[in-house]
Each structure stands twice: as structure tokens, then as C-alpha cells.
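The sequence and the structure should be kept in view while reading.

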Amino acid sequence: MTTDQLQQRIRTLQTELAALGPIHPGSLSQQYNVCGNPACRCKDPKRPRKHGPYYQLSYTWRGKSTTRFVRPPDVAAMGAKLAAYKRFRQLTAAWVDAAIALQDLQRQAARPEA
Ligand SMILES: [Zn+2]
């Protein structure tokens, strides 16, 4: 790519980053539980049907791992934040790629002719 193309690519990445909206790191998982009631459906000896699904958000940030439940009405919004965070990471990585490539081109251009 040329210097102009790389600079245009960086501007495009910056525009998409600015439009991202809410982000959150991590992933969602589903949990099924059994309760303490021996007569409950979750303890049925033939066809146990566990309670759930319960949605759990897990993430690690600044070395600290966190897991918490997400209420069912909040699952869709959290899923959108997690997807936006993945895109955020892709965009910043692509920006760094382009910045390094641009620096290499500029360095070559400034090199005196042999
Ligand atoms: Zn139960």
C-alpha cells in the first residue's frame, strides 16, 4: 500500500471506532443448576430437568478475573457490547498494523539514495 492508502485506511478505522457504541470485554456462558428440593423436577431420577439457563458473564481485565450473572432481559444488550468489544480490538490492531506499515514506508522514503 502507498502512504496515502495507509493514511486513508487509518482514517477509516478511526471513523468506525468512533461509531462503535457501548463495549464490554468477556464472554457469556449458560449455566444449568440443581436446587435443594428433593421433590423438584431437577432431581427427577429418570428425566432430571435442571434449572436454567442462567447467563454468566466472564472477563479478565487488568489481571483480575470476574464472573457475574446477567439477568435474562439484559442478555441481548450484553451480547451486543461483547461483539462491539471484539470489533474494537480488531480495529485497534488494524490501526497499529497500518501505523507500523506507514512508519516503514516513511523511513524508506527518507533513506538517502545509495
Ligand atoms: Zn430444582
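Ser27 is placed opposite Ser58 of strand β2. The model considered here is a predicted one. A further pair facing each other is Gln31 and Tyr54, the latter in β2. Strands β1 and β2 run antiparallel and are joined by 6 bridges.

In general terms, the strands of a sheet pair through backbone hydrogen bonds, and the pairing may be parallel or antiparallel.

Two of the facing pairs can be located in the structure. Tyr59 has Thr66 of β3 as its bridge partner, and Gln56 stands opposite Phe69, also in β3.

Together, β2 and β3 form a hairpin, with 2 residues between the strands. Arg62 lies in the turn and has a positive phi of about 50 degrees.

## The sheet as a whole

What is the order of the strands in the open sheet? The order is β1-β2-β3, and the pairing of the 3 strands is antiparallel. Strands β1 (27–33) and β3 stand at the edges with a single partner strand each, so one side of each has no neighbour in the sheet. From one strand to the next, the twist averages 30 degrees.

Is strand β3 largely in the open or largely buried? A residue counts as buried if 20 or more other C-beta atoms lie within 10 Å of its own. Of the 7 residues of β3 (residues 64–70), the number buried is 0, so this strand lies largely in the open.

As a general point, the side chains of a regular strand alternate between the two faces of the sheet.

## The two helices

Helix α1 spans residues 3–18 and helix α2 spans residues 75–110. Their axes come within 9 Å and cross at roughly 160 degrees. Angles over 145 degrees count as roughly antiparallel, and α1 and α2 are therefore roughly antiparallel to each other. The crossing of α1 past α2 is left-handed.

Residues that α1 brings to the contact include Leu6, Ile10, Leu13 and Leu17. Among those from α2 are Phe88, Leu91, Trp95, Leu102 and Leu105. Sorted by class, the contact of α1 with α2 has 13 nonpolar, 3 polar and 2 charged residues.

## Helix α2 and two of its residues

The sheet has strands in the order β1-β2-β3. Helix α2 packs on this sheet and touches β1, β2 and β3. The direction of α2 makes about 145 degrees with that of β1.

Gly79 belongs to helix α2. This residue is partly exposed, with 16 other C-beta atoms within 10 Å. Gly79 and His24 are 55 residues apart along the chain, and their C-alpha atoms are separated by 9.0 Å.

Asp97 is likewise found in helix α2. How many other C-beta atoms lie within 10 Å of Asp97? The number is 14, and Asp97 is partly exposed. From Asp97 to Ala77 the separation is 20 residues in sequence and 30 Å in space, C-alpha to C-alpha.

Methods:
Residues are numbered from 1 along each chain as its sequence is written. This is a predicted model: local features need pLDDT of at least 70, side-chain atom pairs count only at pLDDT 80 or more; totals for chains, interfaces and linings use all residues. A residue is buried if 20 or more other C-beta atoms lie within 10 Å of its own, exposed if 12 or fewer, and partly exposed in between; C-beta atoms are placed from the backbone. Helices (H or I, at least four residues) and strands (E, at least two) are DSSP runs, numbered from the N terminus. Two strands pair if DSSP finds at least two bridges between them. Axes are lines fitted to C-alpha atoms, for helices over the stretch in contact, and angles run from 0 to 180 degrees between N-to-C directions. Angles under 35 degrees count as roughly parallel, over 145 as roughly antiparallel, 65 to 115 as roughly perpendicular and the rest as oblique. A crossing is left-handed if the near helix is turned anticlockwise from the far one by less than a right angle, and right-handed if clockwise. Two residues are in contact if their C-beta atoms, placed from the backbone, lie within 7 Å. Ala, Val, Leu, Ile, Met, Phe, Trp, Tyr, Cys and Pro count as nonpolar, Asp, Glu, Lys and Arg as charged, and the others, Gly among them, as polar.
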